[in-house]
Amino acid sequence: MANNRRNGMASQGLDDILSAAAPHPRTSLPNVATTVTTVAALYFGREVFLPIAIALLLTFALAPLVSALKRVGIPRIAAVIASVLAAFAALALFSFIVATQVSELAQNIPVYQTNILAKIRSLKETGVGGGIISRLSGVVERVGQEIDRQDATLPAATPDKPPREPVPVEIVSRERPLEVLQNIVGPLISPLGSAGLIIVVVIFMLLEREDLRDRFIRLVGYGDLHRTTEALQDAGKRVGLYLLMQLVVNIVYAIPIAIGLWILGIPNALLWGLLALALRFVPYIGPAIGMLLPLFLALAVAPGWELVLWTAALFVVMELVTGNVVEPWLYGSRTGLSPLAIIVAAIFWTWLWGPLGLVLSTPLTVCLVVLGRHVPQFEFLDVLFGNEPVLEPHARLYQRLLAGDPDEATDHAEEMLEEKYLVEFYDKVAIPALLLGERDRVRGVMGDLQRRQVAASALTLVANLEDEAKEEAGEEDEQAEEAGEPGDAADEDAADLPDGTGLSVLCAGGRGELDDAAAAMLAQVLEVQGAAASTAGFADMEPASIRRLELEAIDTVVVGFLNRDSVKHARFLVRRLKRAKAALRVGVVFWSETGNGDKEATARLAQDIGADFVAHGMVGAVTGALSKEPPIALKLVAKRRRPRAAPRKVAAAAA
């Protein structure tokens, strides 16, 4: 075979799987008191923590700009001040344009009232939603009649006493100029004060960034400088890149929105473009909110429905293009958060800090995930919110087999088979999953019913992957026909699995149902290699059943054991099989996750049990089963006869 993916068994992909198969320590969760105390501190101290959080995120965002200015030759202080002033000037300009556009929109709202009423009447006349609209109209009319009705408790006016005319009353404001100024400036003091505090904190964080980093390292990670430094670099890079790329994505999204709304004739198109840019920082619900306002205005501007449909189409198309093309191209899922974690974080931070918390939810959660990824005490944060798989592939597969869900196990396998071959999947994922089941059986935590259920699910998985095996076998045949010269460099660099054409192999389980499932996996791989493979259950390996096996057309028998303490049983089976057919090659597989690199020890073990070969993994089992070497003859061991005891009479006479 001339397939690079098959030949690269020792490639980086397998190294990743081997590293993923390493056992992970148990993740400890914080106690309830710690969690409640932390959340309460963040909630009641939001006046302090919220400006600091905003300043921290702005520091992450502006740090690359400051570094770029310093590389140009601008002094540090000047670079920091210029970056901060430019950022807040852009925010101030943004706020001014939005405020101006909103004021202009408020003045034109009464003009659109006629179109809104006309659309409501048209809906009522056409019967679209007539039931709801009629009920709402009836409720409004009844409330208005009740308000206009005269109160029955008041005495009615008599003819002798005509009703008195109401006396006009005029309220004259006597406020002093200072009070007027206080009413105007008072509401602005708190936002302006917070903005000023954030500016100062950002400036000092950028100026003292290295010093703050050293203090943080001394506080939490002095004993492990490598891990702490990696955590800080990862947090700064991930958060800064997220904010920068999100800003670029939002600009790419907002500019066509503003231009499209302007072409459609929606008033204040610049306002809706800016709002779309800002609201898209809010995960999931931000784009929806940014779309509803222009849709409502399109409903009010034109008497027909065409403008509403065109506006909705504009937002839908831009959202599809941005979400499926622009975002994956720029940064994809580099935030490291799962989709559910983003939603939960948005809900939590909104409850904690209000609308600003909603905007800050994603970058703040990114910081927490990075902290959990590098600090063992906070690993639960990465498990809860990260997008990395929390279970190793073989543990995930075993969990599905244990739950009796072979369909999801098949889906998981097919995902991996898009990049890997069947032999790799079985060797590094499926067999280790069965090994987990065997360990549970040995420990006594798996009953007979569960063991049979796991084995049945594994056999169903093998049956479901039959199409994948046939497709892979066909692919191998095509590559064999199109193969180049024997000296192809791709074939010289890595080991190759032998061709099994013309060979007949029987794969058998050693001592249980789980061994039978492993034998079925081996048989399917042998079929992909072109061999005629069949299977036998562990019950067929019983002394009374071995004689009934049809071994005339079988070249090799491979018996597999998930339990490594089965050497004596393997020796017994090898002798029985070779007695049944002298020209039979018999191999034994002691399945292992990592295999056994000691070839001399493996050869001694094979010689000890009388087998033609001993393997510890799928590749070794396939190579041994398809070998063309002649079988090893069975060594007959003469039975030692115990000497007969002397007759009692002879013994007594001698005494």
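Reader: How many residues does the protein chain have, and what share of them count as buried?

Author: The protein chain has 655 residues, and 38% of them count as buried. Buried means under 20% relative accessible area, exposed means over 50%, and partly exposed lies in between (1.4 Å probe, protein chains only). This is a predicted model, in which local features need pLDDT of at least 70, side-chain atom pairs count only at pLDDT 80 or more, and totals for chains, interfaces and linings use all residues. Residues are numbered from 1 along each chain as its sequence is written, and side-chain values use heavy atoms, with hydrogens and water left out.

Reader: Where is T59, and what is it in contact with?

Author: T59 is found in helix α4, residues 46-72. Helices (H or I, at least four residues) and strands (E, at least two) are DSSP runs, numbered from the N terminus. Leaving aside neighbours within four places in sequence, T59 is in contact with V202, M205 and L206. Contact means heavy atoms within 4.5 Å.

Reader: How many helices and strands does the protein chain have?

Author: The count is 27 helices and five strands.

Reader: What share of the contacts is between residues 24 or more positions apart?

Author: Among contacts with a separation of 6 or more, such residues account for 77%.

Reader: What makes R400 and D405 a salt bridge?

Author: The closest N and O atoms of D405 and R400 are 3.0 Å apart. A salt bridge is a side-chain nitrogen of Lys or Arg within 4 Å of a carboxyl oxygen of Asp or Glu. The structure holds ten salt bridges.

Reader: Are R400 and D405 buried or partly exposed, and how do you know?

Author: R400 has a relative accessible area of 16%, so R400 is buried. D405 has 22%, so D405 is partly exposed.

Reader: What about the pair R571 and D608?

Author: Their side chains meet in a salt bridge, with 2.6 Å from N to O. The pair links distant parts of the chain: R571 is in helix α24, D608 is in helix α25 (residues 599-609), and they are 37 residues apart. R571 has a relative accessible area of 27%, so R571 is partly exposed. D608 has 45%, so D608 is partly exposed too.

Reader: Where are the partners D612 and K578?

Author: D612 forms a salt bridge with K578, the closest N and O atoms being 2.8 Å apart. D612 lies in the loop between α25 and β5 (613-615), while K578 is in helix α24, 34 residues away. D612 is buried, and so is K578. Elsewhere, salt bridges that share partners join R400, D405 and E408 into one network.

Reader: H569 is also in helix α24. Why is H569 called partly exposed?

Author: Its relative accessible area is 25%. Leaving aside neighbours within four places in sequence, H569 is in contact with G510, R511 and F561. The C-alpha atoms of H569 and G510 are separated by 8.2 Å, and the two residues are 59 apart along the chain.

Reader: What makes a nonpolar patch, and which residues form one here?

Author: Patches are made of residues with over 30% relative accessible area and no salt bridge; like charges are joined within 9 Å, and nonpolar side chains (Val, Leu, Ile, Met, Phe, Trp, Tyr) within 5 Å. Y284, I285, I289, L340, I343, V344 and I347 form a nonpolar patch on the surface, with about 660 Å² of accessible area together. Accessible areas come from the Shrake-Rupley method with a 1.4 Å probe; for residues, only the protein chains shown count as cover. The elements that give two or more residues to the nonpolar patch are α12 (285-301) and α14 (339-374). α14 gives the most, with four residues.

Reader: Which residues form the negative surface patch?

Author: D407, D411, E415, E418 and E419 form it. Lys and Arg count as positive and Asp and Glu as negative, while His and the chain ends are not counted. The place of a charge is taken as NZ of Lys, CZ of Arg, CG of Asp or CD of Glu. E418 lies in the loop between α17 (406-417) and α18 (422-443). E418 has a relative accessible area of 64%, so E418 is exposed.
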